Amino acid sequence: MSVKVRIPAPLRKLTENKTEIEANGKTVQELIENLEKKFPGMKDRLCDETGKIRRFINIYVNEQDIRFLENENTKLKDGDEVSIIPAIAGGRKDSAFLK
Amino acid sequence: MTKETVGESILDKIGNTPLIKIEKLTQGLKNVEIYAKAEWLNPGGSVKDRPALRIIETAEKKGKLTKNKSGNQPRGNHPPIILDSSSGNMAIAYGMIGAIKGYRVEMILPENASEERKKVLRTYGVKLTFTNPAEGTDGAIRYVHQLYEKNPDKYFFADQYNNKANPLAHYKTTGKEIIKQTKGRITHFVVGIGTSGTIMGAGKRLKEFNPNIKLIAVEPEHALHGIEGLKYMGSAIVPSIYNENFLDAKIPIKTEDAYEYARKLALVEGLLVGESSGAAIWASIHLAKQLEEKGEKAVIVTVFPDRGDRYFSTPLWCPIEEVVRGW
């Protein structure tokens with residue numbers, strides 16, 4: 001499954017300043033593993049020691065917060081758009097900027 | 001606290017905050033005391049009341065915020081609109097002061113500023129524009145510069161990241177208060193850095209009083225973090241008021257530790273404060289332990305910047321059940 005991933009500014013050091021990248025995975029979990037392979041260090045930023053997505057990071061699949069879907073097990077299909085947004089002070093599931 | 005008087009403006013209640021001794025989280029420390037400046041008790045609910053007031057009053061004195069600034073103003077003789085970018089607290093301070101003084105206020109915020117902040121700002125009548133949350137506070141900074149450059153006559157650009165009145169507020173008030181409240185005993189000043197106004201301004205005052213006082217900045221461990229109000233300088237647009245050489249040390253902090261200690265402050269000390277206060281106390285305790293190991297005596301002063309109830313909708317407090325269980 002090839003999906004488009006939007007990278008927030010604080011992570012762009014890892015992606016050679018790319019704001020959008022293509023990656024693969026049948027679930028968000030697999031996507032993160034794939035991101036780690038392509039951009040080493042990414043998983044540590046996104047996940048805690050137990051592999052859970054850090055509390056202050058919001059991940060959206062096609063504008064929907066994965067916390068309202070199946071968290072790390074949220075399924076992905078070809079062409080999905082995934083956004084990683086630091087929830088510096090909250091974050092919203094209906095962000096106009098994700099559209 | 002200042003004694004009660006009738007007829008004072010709420011603006012007179014900015015500053016002169018209590019210095020609270022942290023008693024329970026410091027149990028086990030023998031030679032190190034930790035105190036926190038209770039900045040959430042400012043009328044706007046955060047430390048930012050201090051720089052906002054000084055920035056606005058300095059502009060008034062310099063004639064930048066008067067009804068006669070320019071003949072090109074879009075609405076007759078209205079004073080220019082106070083404009084800045086903020087992650088929330090500074091915007092609230094401008095909003096409150098603007099309401100009192102009769103200025104219009106327009107603020108640029110990253111869209112992921114907390115809902116509570118947005119509601120408070122709207123209540124003060126502040127016009128809000130949101131920038132892409134993926135670009136963080138730097139995105140809001142870039143946008144506000146563009147907006148101002150297009151409409152210089154319409155706005156007074158307060159520019160908290162570069163306005164010298166920001167650290168000056170802390171030089172004139174925060175630093176002075178800390179010296180008085182500790183009776184000059186302070187040895188270490190531990191502060192989170194965002195604009196860096198607090199550590200640069202209050203720090204200057206402290207160093208002038210006693211050059212041996214150590215200035216220690218608390219900074220997120222990584223660029224991607226969740227501590228509202230703090231900046232990772234390595235990847236951020238660096239404020240011109242910031243001078244890293246002025247610091248004695250930096251303590252990096254994990255977001256999770258800041259959250260945990262913010263909760264502990266509420267549960268154990270009864271202080272409902274935000275995550276940057278959690279970062280401040282974690283770093284202070286971390287430093288205290290190091291000093292104790294070396295057998296040093298110390299009086300650490302830190303700053304608790306804002307109230308915790310501005311974060312109820314954010315990952316700091318949710319889900320609350322987990323917090324209680326975890327403790």
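**View 1. Chain A of this predicted model contains 2 helices and 5 strands.** Followed from the N terminus onward, the elements of chain A come in the order β-β-α-α-β-β-β. Chain A has 99 residues, of which 40% count as buried.

**View 2. Chain B is divided into two parts, domain 1 (10–44 + 174–326) and domain 2 (49–157).** The C-alpha centres of domain 1 of chain B and domain 2 of chain B are 26 Å apart. Where these domains touch, 20 residues of domain 1 of chain B are in contact with 17 residues of domain 2 of chain B. On the side that belongs to domain 1 of chain B, the touching residues comprise 8 nonpolar, 8 polar and 4 charged.

**View 3. In chain B, helix 1 (residues 49–61) packs against helix 5 (residues 165–181) at an angle of about 115°, and their axes lie 8 Å apart.** Because angles of 65 to 115 degrees count as roughly perpendicular, helix 1 of chain B is described as roughly perpendicular to helix 5 of chain B. The crossing of helix 1 of chain B with helix 5 of chain B is right-handed.

**View 4. A closer look at the residues through which helix 1 of chain B meets helix 5 of chain B.** Helix 1 of chain B contributes R50(B), P51(B), R54(B), I55(B) and T58(B), while helix 5 of chain B contributes A165(B), N166(B), L168(B), A169(B), H170(B), T173(B) and T174(B). Sorted by class, this contact of helix 1 of chain B with helix 5 of chain B has 5 nonpolar, 5 polar and 2 charged residues.

Definitions and conventions: Residues numbered from 1 in each chain as written. Chains lettered and ligands numbered in written order. Predicted model: local features only at pLDDT ≥ 70, side-chain atom pairs only at ≥ 80, totals over all residues. Helix = DSSP H or I, 4+ residues; strand = E, 2+ residues; numbered from the N terminus. Buried ≥ 20, exposed ≤ 12 C-beta atoms within 10 Å, placed from the backbone. Domains from an automatic or database assignment. Contact = placed C-beta atoms within 7 Å. Nonpolar A, V, L, I, M, F, W, Y, C, P; charged D, E, K, R; others polar. Axes fitted to C-alpha atoms, helices over the stretch in contact; angles between N-to-C directions. Parallel < 35°, antiparallel > 145°, perpendicular 65-115°, else oblique. Left-handed = near helix turned anticlockwise from the far one by under 90°.
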